[in-house]
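I open this notebook to record what I looked up, entry by entry, in one structure. I begin with the backbone and then turn to the cores, the sheet and a helix pair.

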Amino acid sequence: MTSVALLAGFVGFLLGISGLIAVRVSQRRRRSAVTVEEPTLPEGTAEILAALGLAYVVVDGVDGVIRASPAAYAYGIVRGHTVVHPELLDMIRRTRRNGVVEEKRLEITRGKLEKSALVLDIRVVIIAEEYILLLADDETEIVRAQSIRNDFVANVSHELKTPVGAISLLSEALEDAAEDQDAVRHFAKSLHKEAVRLSALVQDIIELSRLQGTDVVSKGTVVDLNRVVGEAVDRTRLTAEAKGIAIKVGGTIKTPVYGDPDLLVTATRNLIDNAVRYSPENTRVGVGLRERDGMAQIMVTDQGPGIPDTEQDRIFERFYRVDSARSRQTGGTGLGLSIVKHVMAQHGGEVSVWSQSGRGSTFTLVIPQAEDLDEHNGPVAASTNERMHLEEERK
């Protein structure tokens with residue numbers, strides 16, 4: 001019995017070893033059967049893609065990403081080894097199915113929060129039997145610039161129609177009323193008002209166009225802001241005296257700034273001019289100068305009706321008016337504050353507003369002073385902390 005048991009155990013051991021060997025052999029065969037060579041691009045493709053200067057993605061026959069540029073990840077086209085936007089996957093699959101190049105301009109969201117969008121020109125082509133190449137060219141800034149330009153042209157055309165139409169009608173009225181001296185004087189006065197308004201609008205358009213082509217960094221000079229304010233006050237003094245408004249200037253700025261003196265005068269004059277326009281007769285407009293933490297400040301305070309909180313974010317937009325009827329009555333063009341904002345951006349500074357309905361408004365220009373300039377790059381913008389500190393100090 002003992003011999004039989006030993007023999008049975010030995011046979012069982014051999015069977016177990018044989019079974020284990022068979023399993024191992026089977027596993028090896030299965031692994032060998034499913035092993036696929038690592039996908040590779042045709043020779044020289046990687047170098048060509050790098051030289052294109054565009055974001056690119058290469059996918060295989062099952063839409064898996066085998067190569068992508070850093071820009072493709074930055075644009076949010078690719079995440080991990082996956083093309084994440086359904087529109088792009090649809091283009092890839094149509095190209096694979098039809099063998100035809102797909103081209104399209106798409107606006108796609110960027111990032112998981114999907115709060116920003118990119119406008120991309122997409123081109124999808126076959127580069128080998130198995131591989132599809134997707135090229136993406138970022139056109140966001142170009143599209144945005146075109147939109148701004150188109151809106152600007154449309155707005156200018158609309159704004160010009162009003163004074164031009166009024167001048168045409170008034171001239172006809174003058175001709176018809178040639179025998180009535182009172183009517184002639186009345187129409188002539190209105191005609192002059194519309195001509196002045198048209199002239200101001202054209203001048204602001206020219207100023208804005210000139211501003212956008214000015215390179216303050218390379219062509220700027222050292223500027224004394226005390227002289228800038230003095231000249232801006234002189235240019236608005238006649239308008240102020242006509243309304244019995246006194247312009248009071250206080251404070252000085254010892255350290256100069258770096259920039260374009262004409263543009264800085266224009267920005268300051270626009271703020272003072274607005275303050276005079278919207279302040280009641282026989283009141284006062286204050287202009288304050290001070291410097292703090294390497295930043296120069298020019299503050300212009302009026303005694304006007306104030307600006308509602310809901311409107312304050314939009315007042316620096318081109319042609320935007322809080323009260324269109326009142327702006328037309330006072331001769332405003334709707335471009336003054338937009339010009340101020342652009343001038344400050346050119347000088348590495350900013351413009352801000354404090355206002356309450358019924359309590360007037362204070363506009364503040366903040367500009368880096370010359371001692372805080374980068375010798376190679378010109379003005380250095382104030383840090384967030386500096387701007388917050390200046391704003392709290394102003395309040």
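This is a predicted model: local features need pLDDT of at least 70, side-chain atom pairs count only at pLDDT 80 or more; totals for chains, interfaces and linings use all residues.

Asp-63 has a positive phi of about 70° although it is not a glycine. I keep in mind that most residues other than glycine have a negative phi. Is Asp-63 buried or exposed? Asp-63 counts as buried because its relative accessibility is 13%, and the cut-off for buried is under 20%. I then found Asp-293, again not a glycine, with a positive phi of about 55°, in the loop between strand S11 (284-292) and strand S12 (295-301).

Leaving aside residues up to four places away in sequence, I listed what Val-59 touches: Gly-64, Val-65, Val-83, Ile-92, Arg-96, Glu-130, Tyr-131 and Ile-132. For Tyr-131, which is 72 residues from Val-59 along the chain, I noted a C-alpha separation of 5.7 Å from Val-59.

Which residues of the largest nonpolar core touch the most other members? They are Leu-225, Leu-264, Ile-272 and Phe-363, out of 38 residues in that core. The elements giving two or more residues to this core are helix H8 (225-242), H9, S11, S12, H11, strand S13 (350-355) and strand S14 (361-368), and H9 gives the most, with eight residues. A second, separate core has 23 residues, including Leu-89, Leu-106, Leu-120 and Ile-122.

I traced an open sheet of five strands in the order S9-S11-S12-S14-S13, with mixed pairing. Its edge strands are strand S9 (246-250) and S13, each of which pairs on one side only. On average, and with direction ignored, neighbouring strands of this sheet are turned by 15° against each other. S9 and S11 pair in the parallel sense over five bridges, and I noted Arg-284 in S11 as the bridge partner of Ala-246. H11 packs on the sheet and touches S13 and S14, its direction making about 25° with that of S14.

How far apart are the axes of helix H9 and helix H11? For H9 (residues 261-278) and H11 (residues 336-346) I recorded axes 9 Å apart and a packing angle of about 145°, and H9 passes H11 in a left-handed crossing. On the H9 side the contact is made by Leu-263, Leu-264, Thr-266, Ala-267, Asn-270, Leu-271 and Asn-274, and on the H11 side by Gly-336, Leu-337, Ile-339, Val-340, Val-343 and Met-344. Sorted by class, this contact of H9 with H11 has nine nonpolar, four polar and no charged residues.

Definitions and conventions. Residues are numbered from 1 along each chain as its sequence is written. Side-chain values use heavy atoms; hydrogens and water are left out. Buried means under 20% relative accessible area, exposed over 50%, partly exposed in between (1.4 Å probe, protein chains only). Helices (H or I, at least four residues) and strands (E, at least two) are DSSP runs, numbered from the N terminus. Axes are lines fitted to C-alpha atoms, for helices over the stretch in contact, and angles run from 0 to 180 degrees between N-to-C directions. A crossing is left-handed if the near helix is turned anticlockwise from the far one by less than a right angle, and right-handed if clockwise. Contact means heavy atoms within 4.5 Å. Ala, Val, Leu, Ile, Met, Phe, Trp, Tyr, Cys and Pro count as nonpolar, Asp, Glu, Lys and Arg as charged, and the others, Gly among them, as polar. A nonpolar core is a set of buried Ala, Val, Leu, Ile, Met, Phe, Trp, Tyr and Cys residues joined through side-chain atoms within 4.5 Å. Two strands pair if DSSP finds at least two bridges between them.
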